[in-house]
Every structure is written in C-alpha cells, then in structure tokens.
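Colleague: Please take a close look at one part of this model for me. I would like the ligand sites, with some of the surrounding elements for context.

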Amino acid sequence: MSRISQASLRLIYDSRGRPTVEARIVTELGGVATAGAPSGESTGATEVQAFPSGGVPEALQYFERYLRPRLLTLSVDDQGAVDRLLHEVDGTPNFSRIGGNTATAVSVAAAIARAMESRTALWQTLLRPGLDGGSYPAIVGNCLNGGRHAIGGPEIQEYHAIAEAPKPADAVRAALEVHHLLGKRLKTKFPNYALGRGDEGGWVAPLGNVEALELLADACTEVRDRLHSPVYPGLDLAASEFYRDGRYAYREHSLDRDGQVAFVAGLVDKYGLRYVEDPIQEGDYDGFAALTKAVGHRTLVIGDDLYTTQESRVAEGVRRHASNAVLIKVNQVGTLTDTLATVDLARRSGWKTITSHRSGETPDAWLTHLAIAFGSAGLKCGLLGGERVAKLNELLRLATPPGN
Ligand code: PGA
Ligand code: ZN
C-alpha cells in the first residue's frame with residue numbers, strides 16, 4: 001500500500017491557449033506524477049462537463065476543499081478507489097460539480113504515480129486480461145482541417161492519413177510524408193494564398209469537401225507507392241456540426257439522412273477510405289447502422305460524438321449494429337475506470353477502439369500508453385505541433401527501447 005502524500009491541481013493552458021487543469025500526485029513510496037487534461041471544441045452532447053460553471057478557478061476551489069483531503073486517505077494501488085472517490089465527491093451524473101477535466105487529470109496522474117512506483121511503463125500498469133493490449137496502433141494522422149477546427153476550409157472536420165505499417169517508425173513516417181506532400185501540392189495549387197494550419201495541425205485551405213479528399217487520396221497513393229507502406233485516406237466528418245434542421249448542410253449540397261448515407265458510402269468506395277468517424281449526426285443510431293451495413297465490411301465506421309466513450313451508449317450501439325468501432329477519449333467520461341469499461345465492452349463485442357486526443361491538447365504523452373494498453377487499432381493524435389508530436393515520439397520510444 002502506498003498512500004498519496006500530496007495532491008494538487010493547477011491551471012495550465014492547452015494548445016489553443018485556453019485554461020485547463022493539471023493534477024500532481026506524490027506517493028509515500030516516491031511516485032511523483034503530473035497529468036494535464038485536454039479540451040474539445042466539437043464536443044458531443046452527452047459527454048461529461050469539462051469544468052464547473054465557474055470554469056477552472058471553481059474547479060481549483062472544489063479540488064482544494066473537497067477532493068484533496070479525501071485523496072490523501074487513498075493509495076494509488078487502487079485505481080478503482082480513486083475513481084470512485086471522484087464520482088462520490090462530484091455527486092452528479094456528468095461531473096458538472098468538480099469538472100470532467102479535474103477527474104481526468106487526477107485519475108491519470110494516479111495511474112502514472114502507480115507506474116512510477118512499480119518502475120513499469122504506464123501502459124504495462126494499465127494492461128487488463130482480455131484487452132489484447134501490448135500491440136502497436138495504426139496512426140490516425142490529421143493532414144487537413146475544416147469545420148470547427150479551422151477558419152475557412154471544408155465542412156468536413158478532419159482529413160486523415162491512416163498509416164497501418166506494423167512498425168510504428170514506418171507508420172509515423174508514412175503519415176508525416178502524406179502531410180508534407182499535401183502541403184507541397186497545396187502550395188502549388190494556391191501559389192498566392194496564405195495557407196494556414198488548424199487546431200490539430202492539419203492544413204487549412206479554401207477547398208471543397210470532395211476536392212480536399214481527392215488531394216489527400218492522391219497524396220496517400222503516392223506515399224504508399226514510394227515507401228511501399230500501407231497508408232490510406234480517412235475522415236472524421238463530425239457531422240453533427242453541420243447538421244441543421246434535419247439536413248446535412250455542405251456548401252456544395254444539402255442532404256437528408258439517406259442522401260448522407262449514400263454520399264459517405266460513395267466516398268468510401270471511390271477513395272478507398274479505411275476510416276470514417278462521425279459520418280452521421282450524434283442522435284441517429286439508425287443512420288449509423290445503415291452506413292455500417294453498407295460499408296462496414298470494408299472500412300471502420302467509428303462513433304465519437306455518438307458514444308462519447310459512455311459504456312451505456314456503446315451498449316446501445318452494439319444492440320443496434322450502429323458501427324464497428326468507437327473513439328475513446330478519457331475526458332468524455334472522466335475516469336480511467338469508466339474508460340476501461342467502455343474499451344472492454346467494445347472488445348467483447350468485436351469492435352475496434354481508436355484512442356484519441358482532443359483538439360485542445362497538452363504536451364503530455366500519456367495518451368500513447370493508453371492506446372497500447374487498450375489494444376487500440378488506432379492512435380489518433382494528429383501529426384504536427386509539439387503537443388501532437390509528443391505522442392508520436394513517445395510511441396517511437398516505446399517501440400524502440402533504449403540500447404537499440
Ligand atoms: P474535439 O474534436 O476534440 O474538438 O471534440 C475532435 C474530434 O471530433 O474527434
Ligand atoms: Zn471526432
């Protein structure tokens with residue numbers, strides 16, 4: 001038993017320069033750990049509330065008054081007890097009192113402290129029987145941004161290079177080369193235009209939705225052939241963000257649900273998409289199921305805003321055959337224990353998991369360990385920007401131990 005001897009929470013800034021929280025946990029046996037919590041922008045309606053209504057200052061006050069004294073009675077050996085305490089002190093169904101980001105930072109910091117004490121990597125301390133952990137994920141690398149993560153650009157939020165090489169070094173390289181090549185192509189296409197990058201480090205350019213996908217798919221093909229490395233296009237449509245009055249409102253056209261299912265299925269077929277996240281708005285399990293029926297045997301259909309990492313929502317998705325994969329974000333649900341329950345259900349149901357960053361990130365690299373421990377098919381962490389590269393570099397470190 002190693003008791004928590006110090007616990008604190010501080011304000012830090014995320015990659016958008018917005019306040020978030022970082023927890024620090026020290027144990028009697030010398031574990032010293034910090035963990036910062038990221039923040040979303042295109043958040044799902046059913047995810048937990050990141051901060052209390054008074055924002056980070058109120059989260060810090062709650063922590064001091066109610067959480068800290070009780071954390072000092074616990075040991076990091078028992079992750080379940082730490083996570084139960086977070087729920088108990090909060091007392092709401094959605095962490096609206098202490099904030100889901102406080103819960104996330106404390107829960108992850110406790111796990112890191114436990115790993116430090118036992119001198120094992122975080123991913124090893126998180127391994128659970130049956131999760132198939134320990135394998136390396138494919139890279140889901142954001143190359144081009146639109147939607148709420150960009151000023152200008154397409155309605156579709158994210159255009160990804162899905163790099164599936166078994167060796168992380170090969171996968172990371174292939175995904176980055178697609179990003180670089182796409183940049184070159186964009187500079188040629190818009191010689192007099194000031195190209196930008198979005199919140200997750202992908203390019204931003206005045207492109208139509210399909211036009212952008214064409215450029216991405218071409219870049220993937222060229223890199224795949226040049227490196228002989230499997231890298232394919234993928235999308236996160238974040239469809240709830242442009243769903244208005246019962247229709248999917250693209251600038252090129254407006255579609256009803258059947259039109260949207262046919263449109264996305266067409267993109268999967270034409271461009272060989274390997275990954276389609278949130279193709280349908282977050283309230284529509286049946287629309288998801290229609291698309292999964294059409295293309296689920298040849299691509300991952302992934303729910304993010306649909307499930308918000310909630311076990312009960314994934315259970316409903318499994319019952320309705322809504323998708324074949326789920327995106328995993330700890331701060332959508334607030335604790336590692338809740339996250340593990342969702343990952344476990346997904347695995348038992350034959351679904352893939354993709355462990356994901358948020359658009360507002362910290363430079364922490366614990367996400368990479370979670371992806372490995374969960375046996376996730378993909379690590380979605382972006383490609384450019386220090387807060388994204390930190391996760392990729394951690395993957396390279398873990399895949400190539402010192403001395404090699
Ligand atoms: P968010 O978006 O982090 O802004 O919620 C990321 C995503 O939709 O996957
Ligand atoms: Zn998403």
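Modeller: A residue counts as buried when its relative accessible area is under 20%. Keep that cut-off in mind for the helix below and for the metal site. The model is predicted.

Start with the zinc ion, ligand 2. Three side chains coordinate the zinc ion: Asp-236 through OD, Glu-277 through OE and Asp-304 through OD. The distances run from 2.0 to 2.2 Å. Along the chain, the donors follow the spacing D-x40-E-x26-D. Glu-277 sits in strand E12, residues 275-277. Asp-304 sits in the loop between strand E13 (300-303) and helix H9 (311-319). The pair is 27 residues apart in sequence, so Glu-277 and Asp-304 tie together separate parts of the chain. Both Glu-277 and Asp-304 are buried.

Now ligand 1. It is surrounded by 15 residues. The closest are Glu-41, His-149, Arg-358, Ser-359 and Lys-380. Polar side-chain atoms reach oxygen atoms of the ligand in several places. For Arg-358, the distance from such an atom to a ligand 1 oxygen is 2.7 Å. For His-149, the corresponding distance is 2.9 Å. Lys-329 also places a polar side-chain atom by a ligand 1 oxygen, at 3.2 Å. How much of ligand 1 does the protein bury? Taken alone, ligand 1 exposes 280 Å², and the protein buries 100% of that.

Next, helix H11. This helix covers residues 336-348, 13 residues in total. From first C-alpha to last, H11 reaches 18 Å, close to the 18 Å expected at 1.5 Å a residue. Which residues of H11 are buried? They are Leu-336, Thr-339, Leu-340, Thr-342, Val-343, Leu-345, Ala-346 and Arg-347. An α-helix has 3.6 residues a turn, so residues three or four places apart point the same way. Leu-336, Thr-339 and Leu-340 are among the buried residues of H11. Just after H11, Gly-350 takes a positive phi of about 80°.

Three strands form an open sheet in the order E9-E10-E11, with antiparallel pairing. Strands E9 (243-244) and E11 (254-255) are the edges, each pairing on one side only. Strand E10, residues 247-249, is joined to E11 by two bridges.

Terms used: Residues are numbered from 1 along each chain as its sequence is written. Chains are lettered from A and ligands numbered from 1 in the order in which they are written. This is a predicted model: local features need pLDDT of at least 70, side-chain atom pairs count only at pLDDT 80 or more; totals for chains, interfaces and linings use all residues. Side-chain values use heavy atoms; hydrogens and water are left out. Helices (H or I, at least four residues) and strands (E, at least two) are DSSP runs, numbered from the N terminus. The expected span of a helix is 1.5 Å times one less than its number of residues. Buried means under 20% relative accessible area, exposed over 50%, partly exposed in between (1.4 Å probe, protein chains only). Two strands pair if DSSP finds at least two bridges between them. A residue is near a molecule or strand if one of its heavy atoms lies within 4 Å of it. A polar contact is a pair of N or O atoms within 3.5 Å; within protein, one must be able to donate a hydrogen and the other to accept it, and residues adjacent in sequence count only if both atoms are side-chain atoms. Accessible areas come from the Shrake-Rupley method with a 1.4 Å probe; for residues, only the protein chains shown count as cover. Donors are N, O and S atoms within 2.8 Å of the metal (3.2 Å for Na, K and Ca); water is not among the atoms, so sites may look incomplete.
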